[in-house]
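Please check each one against the structure as you go.

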Amino acid sequence: MKKSIYGLTLDQLTHWLVENGQKKFRAAQVWDWLYKKRVTDFADMSNINKECLQLLEENFVIQTLEQAVKQVSEDGTIKFLFKMQDGNLIETVLMTFPYGHSVCVTTQVGCNIGCSFCASGLLKKNRDLDAGEIVGQIMKVQQHLDELGNGERVSHIVVMGIGEPFDNYTNLMNFLRVINDQKGLSIGARHITVSTSGLTPKIREFAEENIQINLAVSLHAPNNELRTRIMKINKAYPIEKLMDAIDYYLETTNRRITFEYILLDDVNDHIAEAEQLAKLLYNKRHLSYVNLIPYNPVDEHGQYQRSKSEAIKSFHDALKKRGINCGVRWEQGTDIDAACGQLRSKQIKKDKVAK
Ligand code: SAH
Ligand code: SF4
């Protein structure tokens with residue numbers, strides 16, 4: 001099966017064209033057709049010579065994703081379900097805020113990290129997405145905006161859909177370089193956030209990439225006993241190791257970091273945990289922000305419920321009082337299951353029933 005040309009960075013495309021006997025300047029032209037004019041057929045690249053077009057057609061396709069479902073939530077959040085060439089389904093969410101259009105992308109089919117509260121972890125990883133399939137999600141959403149005709153652009157990206165991005169590192173980095181490229185979509189690095197469950201070797205590697213992209217770490221518990229209970233990855237990368245890697249990231253990049261903390265009723269939402277969390281983060285409080293996320297219940301994980309609103313408020317206040325920057329993220333699109341992995345698992349269930 002031919003791969004999507006979206007998977008190549010501009011450097012890689014240039015290299016490939018030159019290796020195949022084409023002039024170097026063709027790369028910039030093709031790039032412009034792909035990301036500025038956003039054609040979906042090579043034949044529409046009218047200033048590219050026949051031989052080059054034929055070469056491209058023989059080796060690549062432009063888009064490999066096909067829209068299977070589009071659900072619009074009451075608050076305007078749109079959830080797309082895309083079918084890949086091999087039939088696997090992935091999901092992508094478009095959220096519109098006063099500051100712009102933000103897209104949440106998927107990086108893997110399923111996820112092997114298997115956090116006990118997450119719908120994505122229910123479906124073991126089937127495979128990684130290649131870079132073209134990750135970029136393809138942004139292009140599909142941009143195409144949707146283009147069709148509305150207001151000239152609006154995808155301006156923000158959160159890598160928080162299905163999958164652990166740092167478990168698909170090379171493809172993730174290529175994706176980030178493609179969408180950030182100033183000659184293409186030019187989505188600002190400061191508007192892009194990658195979320196990881198805490199793969200410490202990759203946090204260190206990411207620190208050395210020399211790219212201004214934001215990093216978010218899913219912490220969800222302030223001590224090893226509790227964190228291991230809800231995220232088994234904590235056995236391999238316990239909190240001390242994670243904090244060492246984060247300190248390295250902070251020193252190397254001079255950037256801030258976000259900690260995500262899902263609030264699970266009567267599990268990790270007591271004042272005792274807020275106090276522990278404040279202690280854990282105190283020495284980096286000027287460089288960190290804690291995002292408190294009210295849990296979105298998942299049918300299959302009945303043991304977890306969303307924290308009560310008083311508990312959320314008290315937890316937030318306890319952190320604030322101790323000098324920790326934090327806020328509560330009231331998510332969008334809950335009426336269409338826009339939480340991590342839920343649409344896909346429902347669709348698969350429906351398919352199974354239909355068979
Ligand atoms: N694998 C990465 C990125 C994808 S998950 C990671 O775990 O960070 C993105 C965020 O959504 C993570 O913080 C994750 O813990 C959170 N999440 C997963 N399931 C959720 C749910 N049901 N409700 C609220 N947040 C959830
Ligand atoms: Fe994977 Fe993230 Fe879900 Fe954990 S929370 S199972 S790492 S997608």
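1. Asp86 is partly exposed, with a relative accessible area of 40%; here buried means under 20% relative accessible area, exposed over 50%, and partly exposed in between, computed with a 1.4 Å probe on protein chains only. Asp86 sits in the loop between β4 (78-83) and β5 (89-97), where helices (H or I, at least four residues) and strands (E, at least two) are DSSP runs numbered from the N terminus. Between the C-alpha atoms of Asp86 and Trp330, which are 244 residues apart along the chain, the separation is 35 Å.

2. On conventions, this is a predicted model, in which local features need pLDDT of at least 70 and side-chain atom pairs count only at pLDDT 80 or more, while totals for chains, interfaces and linings use all residues. Residues are numbered from 1 along each chain as its sequence is written, chains are lettered from A and ligands numbered from 1 in the order in which they are written, and side-chain values use heavy atoms, with hydrogens and water left out.

3. For "active site", the unreviewed UniProt entry lists Glu91 and Cys340; such positions are given in the numbering used here, feature names are shortened, and annotations may be inferred rather than shown by experiment. Glu91 belongs to strand β5 and is buried, with a relative accessible area of 4%.

4. Under "binding site", the unreviewed UniProt entry lists Gly163, Glu164, Ser195, Ser218, Leu219, His220 and Asn296. Leu219 lies in the loop between β11 (214-218) and α7 (224-230), and its relative accessible area of 0% makes it buried.

5. Which residues does Leu219 contact, once its neighbours within four places in sequence are left aside? Taking contact as heavy atoms within 4.5 Å, the partners of Leu219 are Arg227, Met231, Leu242, Met243, Phe259, Glu260, Leu277 and Leu280.

6. Asn296, another residue of the UniProt "binding site" list, is found in the loop between β13 (288-294) and α11 (309-321) and is buried, with a relative accessible area of 14%. Pro297 is located in the loop between β13 and α11, but it is partly exposed, at a relative accessible area of 37%. Pro297 and Leu53 are 244 residues apart in sequence, and their C-alpha atoms are 49 Å apart in space.

7. Strand β13 is mostly covered, with six of its seven residues buried. It pairs in the parallel sense with strand β12 (residues 257-263) over seven bridges, pairing being counted if DSSP finds at least two bridges between two strands; one of the bridges has Ile257 with Ser288 of β13 as its partner. In the loop between β12 and α10 (271-281) lies Asp266, a residue other than glycine whose phi is positive, near 60 degrees, and which is exposed, with a relative accessible area of 55%.

8. Strand β9 (residues 154-159) is likewise described as mostly covered, six of its six residues being buried. It runs parallel to strand β6 (residues 100-104), to which four bridges join it, with His101 standing opposite Val154 of β9. Three bridges join β9 to strand β10 (residues 192-196), again in parallel, and there Val159 stands opposite Val194 of β10.

9. In helix α3 (residues 50-59), Cys52, Leu53, Leu55 and Leu56 are buried. Seen down the axis of α3, the buried residues fall within an arc of 160 degrees, so they line one face of the helix; the arc is that of the directions from the helix axis to the C-beta atoms. The buried residues of α3 pack against α1 (10-19), α2 (25-35) and β2 (60-61), whereas Lys50, Glu51 and Glu58 are exposed on the other side of α3.

10. Ten residues surround ligand 2, the closest being Cys111, Ile113, Cys115, Cys118 and Ser197, where a residue is near a molecule or strand if one of its heavy atoms lies within 4 Å of it. The shell around ligand 2 divides into five nonpolar, five polar and no charged residues; Ala, Val, Leu, Ile, Met, Phe, Trp, Tyr, Cys and Pro count as nonpolar, Asp, Glu, Lys and Arg as charged, and the others, Gly among them, as polar.
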